[in-house]
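Okay, thanks everyone, let me get going. I'll walk you through one structure, and you can follow along on the screen.

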Amino acid sequence: MTLRIAIVVAILVCFCSIPVVGQQTEVENAVEIGLDPDTMPHEVSGFEGEIRGLWRDGRVFIAGQPDEVAFDRFQKIGVAAVVNLRTSAEMNDRERVPFDEAAVVEALGLEYVHIPLGGDDDPYTPAAVDRFAAVLEHHDGLVVLHCTVAWRASYMWTAYLVREQGFSLAAAMARGEAMAIGDLPIEGLLGRPLELVYAD
């Protein structure tokens, strides 16, 4: 099993612990996220600043790493919180991120939430989804969810939709694939798509 496939399996096993039948099941007391389940996330183009991929799904922006100009623009359009999934090692490397993101975001008056994901020190767990869900519950405005190129962010969003919004795994994965979740290498090698299902 390749590392990428192992990561994908680990993410799905940890995040998506509740089987759902159909496209979406109504969840009691679900947070309103302004999402139309019949409309896929749309890519945002022409956004000020540099971002390595940007999509909007309901009131959530799923993004790659934004620069300082992009954070300023997010603040101007009404974003209330920024959730960063990059690890501390990534964020402390000034060649990768040449500014203190937490300081920039907080100076703009936005809530900054760091939920590092990746590697042995920051594993993919249901607790990470719980923390992200708490941000959406606390803020009823726009929220930015980002990592490096929106790959981890797309998986987090997918897991959130399954666990907190009642989406089926297939429907949530389709939304993630419309953003930054790409084909698994094994699909290319076999020449056919795979379908993810719950192990239990």
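Before I start, one cut-off: when I say exposed, I mean over 50% relative accessible area, and buried means under 20%. And keep in mind that this is a predicted model.

So, with that cut-off, take Asn29. Is Asn29 buried or exposed? Its relative accessible area is 71%, so Asn29 counts as exposed. You'll find Asn29 in the loop between helix H1 (3-15) and strand S1 (42-43). The backbone there has a positive phi, near 60°, and this is a residue other than glycine.

Now put Ala150 beside that. Ala150 also isn't glycine and has a positive phi, near 80°. Ala150 sits in the loop between S6 and helix H6 (151-165). But here the relative accessible area is 0%, so Ala150 is buried.

Okay, on to the sheet. Look at strand S4, residues 79-84: five of its six residues are buried. Which strands does S4 pair with? On one side of the bookkeeping there's S6, residues 142-146, running parallel to S4 and joined to it by five bridges. Val79, for instance, has Leu142 as its bridge partner in S6. Then there's S5, residues 111-114, also parallel to S4, with four bridges. There, Val82 is partnered with Tyr112.Next, the packing. In soluble globular proteins, nonpolar side chains tend to be buried together. The largest nonpolar core here has 40 residues, and those touching the most other members are Val83, Leu85, Phe132, Leu136, Leu145, Trp157 and Tyr160. Strand S3 (60-63), S4, helix H5 (126-138), S6, H6 and H7 each supply at least two residues of this core. Which element gives the most to this core? That's H6, with nine residues.

Let me zoom in on Val83. Leaving out residues up to four places away in sequence, Val83 touches Val113, Ile115, Phe132, Val135, Val143, Val144, Leu145 and His146. Apart from this core there's another one, of 19 residues, including Ala63, Ala70, Val105 and Leu110.

How much space lies in the largest pocket? About 390 Å³. It's lined by 20 residues, and the closest to its centre are Met173, Glu177, Leu194, Glu195 and Leu196. Helix H7, residues 169-177, provides the largest share of that lining, with five residues. By type, the lining splits into 14 nonpolar, two polar and four charged residues.

That's my tour, happy to take questions.

Notes:
Residues are numbered from 1 along each chain as its sequence is written. This is a predicted model: local features need pLDDT of at least 70, side-chain atom pairs count only at pLDDT 80 or more; totals for chains, interfaces and linings use all residues. Side-chain values use heavy atoms; hydrogens and water are left out. Buried means under 20% relative accessible area, exposed over 50%, partly exposed in between (1.4 Å probe, protein chains only). Two strands pair if DSSP finds at least two bridges between them. On a 1 Å grid over the protein atoms alone, a cavity is a set of points where a 1.4 Å probe fits but cannot get out, and a pocket is an open set with protein on both sides within 12 Å along at least five of seven lines; lining residues have an atom within 4 Å of a point. Grid points are joined across faces, edges and corners, and a volume is the space filled by probe spheres set on the points. Ala, Val, Leu, Ile, Met, Phe, Trp, Tyr, Cys and Pro count as nonpolar, Asp, Glu, Lys and Arg as charged, and the others, Gly among them, as polar. A nonpolar core is a set of buried Ala, Val, Leu, Ile, Met, Phe, Trp, Tyr and Cys residues joined through side-chain atoms within 4.5 Å. Contact means heavy atoms within 4.5 Å.
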